[in-house]
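Visitor: I have a structure open and would like to go through it piece by piece. Can we start with how the helices pack?

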Amino acid sequence: MSGLRVDDRVATVDAVRRALAELPEDFRAAIVLREFASLYADIAEHQGVSVQTVKTRIHRARTQLVTLLAPVS
């Protein structure tokens with residue numbers, strides 16, 4: 001992202017924020033916690049679910065983000 005102009009970076013950040021806001025709360029929380037270096041076990045404890053559930057939520061969140069951030073043709 002460092003090669004982008006400031007306007008493009010701002011647009012990218014805004015697009016990611018809007019896409020994150022569209023995710024279900026449990027998916028959004030899991031992916032945000034994971035991206036800020038939380039361990040799967042810590043996220044699982046925080047959310048009161050299993051580590052596998054956290055991994056599934058993160059996978060589904062990433063899949064949805066790819067769809068939400070894809071350019072419109």
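**Helix packing, then the pocket**

Guide: This is a predicted model. Helix H2 (residues 25-35) packs against helix H4 (residues 51-69) at an angle of about 95°, and their axes are 8 Å apart.

Visitor: How do H2 and H4 lie to each other, then?

Guide: Angles of 65 to 115 degrees count as roughly perpendicular, so H2 and H4 are roughly perpendicular to each other.

Visitor: Which residues in H2 and H4 meet?

Guide: From H2 there are Asp 26, Phe 27, Ala 30, Ile 31, Arg 34 and Glu 35. In H4 they meet Arg 57, Ile 58, Arg 60, Ala 61, Arg 62, Gln 64 and Leu 65. By class, the residues of this contact are six nonpolar, one polar and six charged.

Visitor: And H3 with H4, at what angle do they pack?

Guide: Helix H3 (residues 40-47) packs with H4 at about 100°, with the axes 8 Å apart. H3 and H4 are therefore roughly perpendicular to each other.

Visitor: Which residues meet there, in H3 and H4?

Guide: H3 brings Tyr 40, Ala 41, Ile 43, Ala 44 and Gln 47, which meet Val 51, Val 54, Lys 55, Arg 57 and Ile 58 of H4. The contact of H3 with H4 has seven nonpolar residues, one polar and two charged.

Visitor: Changing topic. How much space lies in the largest pocket?

Guide: About 170 Å³.

Visitor: What lines the largest pocket?

Guide: Val 16, Leu 20, Ile 31, Val 32, Glu 35, Phe 36 and Leu 65. Six residues of that lining are nonpolar, none is polar and one is charged.

Visitor: Which helix gives the most to the lining?

Guide: H2 does, with three residues. Helix H1 (6-22) and H2 each supply at least two residues of the lining.

Visitor: Zooming out, how many helices and strands are in the chain?

Guide: The chain has four helices and zero strands. From the N terminus on, the order is α-α-α-α.

Visitor: What box do the C-alpha atoms fill?

Guide: Roughly 40 × 25 × 15 Å, taken along the principal axes.

Visitor: What share of the residues is buried?

Guide: Buried residues are 19% of the 73 residues in the chain.

Visitor: Last one. What share of the contacts comes from residues 24 or more positions apart?

Guide: Among contacts with a separation of 6 or more, residues 24 or more positions apart account for 46%.

Technical notes
Residues numbered from 1 in each chain as written. Predicted model: local features only at pLDDT ≥ 70, side-chain atom pairs only at ≥ 80, totals over all residues. Heavy atoms only, no water. Axes fitted to C-alpha atoms, helices over the stretch in contact; angles between N-to-C directions. Parallel < 35°, antiparallel > 145°, perpendicular 65-115°, else oblique. Contact = heavy atoms within 4.5 Å. Nonpolar A, V, L, I, M, F, W, Y, C, P; charged D, E, K, R; others polar. 1 Å grid on protein atoms, 1.4 Å probe; cavity = no way out; pocket = protein on both sides within 12 Å on 5 of 7 lines; lining within 4 Å. Points joined across faces, edges and corners; volume = space filled by probe spheres on them. Buried < 20%, exposed > 50% of the residue type's maximum accessible area, 1.4 Å probe, protein only.
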